[in-house]
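Welcome! Work through the exercises below with the model open beside you, and try each task before reading its solution.

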Amino acid sequence: GDVAVLVPAAGAGVRLGPGAPKALRPLAGEPLLVHAVRRIAAAPSVHTIVIAAPAADVEFVRRLLAPVAPVTVVPGGAERQASVAAALAAVPAGPRIVLVHDAARALTPSALVESVAEAVRSGHDAVIPVLPVVDTIKEVDVAERVLGTVDRSALRAVQTPQGFRRSVLAAAHAAAGDPLTDDAGLVEKQGVPVFCVPGSELALKITRPFDLALAEHLLTLDS
Ligand code: CTP
Ligand code: MG
């Protein structure tokens, strides 16, 4: 394998409601992070996995994942971007391709990990999985008055894993300013072209209780 996967998993999960950090909440009896790491490790290209865990749970996460896959666990930061930077700093020499994949997208198929990695390998410096936007999108002002209707055909909803040539991601993080919610955004600021590949509905981000219920149901369908 020529791929390192960074897994930001240090978030609190505020929108999921009170409880453990989101990556450690149970889904069908196992923490979200276990579901995510199992699928990442099953992708043949993956050589190295680095988890950014909540600082108080680093040892717990090491023990949790030891039977699942060989992983490195580091403490995450206050923002997702800081967690990714901490994980990136722990990647050993070797992998030329780095993927960044949210623990919250716990049901992401191994095949999506492979297709993003393959697109980077084939020459794209930055690759993101996307889905078309299905809802009509309106732009509004602060008073909730509609300013206009956006042309949805030119919009994409973005998922993870996002894949990068390692040197490109490292340079983007070294130059990073205000925290962004995705890594491709940092690379875009560097003027690097970002290429889209088809995403997967199974790569949904578990954000609210509804998403957790949906994920539970999807697992009963054997995803
Ligand atoms: N994340 C992280 N470090 C942070 C914040 C987020 O590693 N300081 C990770 C989360 O663990 C998650 C991913 O980034 O896997 C996407 O973030 P999000 O879905 O927003 O998760 P949380 O921040 O945990 O949720 P919330 O915003 O509802 O608190
Ligand atoms: Mg968050």
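A residue counts as buried if 20 or more other C-beta atoms lie within 10 Å of its own. Keep in mind that this is a predicted model.

**Exercise 1. Describe the overall build of the protein chain.**

Step 1: Start with the secondary structure, which amounts to seven helices and twelve strands.
Step 2: Next, take the extent of the C-alpha trace, about 50 × 40 × 35 Å along the principal axes.
Step 3: Compare with a globule. A compact one of 223 residues would have a radius of gyration near 17 Å, and the protein chain agrees because its value is 17 Å.
Step 4: Finally, apply the burial rule: 41% of the 223 residues are buried.

**Exercise 2. Decide whether I97 is buried or exposed, and find its partners.**

Step 1: Locate I97 in strand β6, which covers residues 97-100.
Step 2: Count its neighbours. I97 has 24 C-beta neighbours inside 10 Å, so it is buried.
Step 3: List contacts beyond four places in sequence; among them are D2, V3, A117 and R166.
Step 4: Look at D2 again: 95 residues separate it from I97 in sequence, yet their C-alpha atoms are 6.3 Å apart.

Methods: Residues are numbered from 1 along each chain as its sequence is written. Chains are lettered from A and ligands numbered from 1 in the order in which they are written. This is a predicted model: local features need pLDDT of at least 70, side-chain atom pairs count only at pLDDT 80 or more; totals for chains, interfaces and linings use all residues. Helices (H or I, at least four residues) and strands (E, at least two) are DSSP runs, numbered from the N terminus. The radius of gyration is taken over C-alpha atoms; the globule rule is 2.2 Å times the number of residues to the power 0.38. A residue is buried if 20 or more other C-beta atoms lie within 10 Å of its own, exposed if 12 or fewer, and partly exposed in between; C-beta atoms are placed from the backbone. Two residues are in contact if their C-beta atoms, placed from the backbone, lie within 7 Å.
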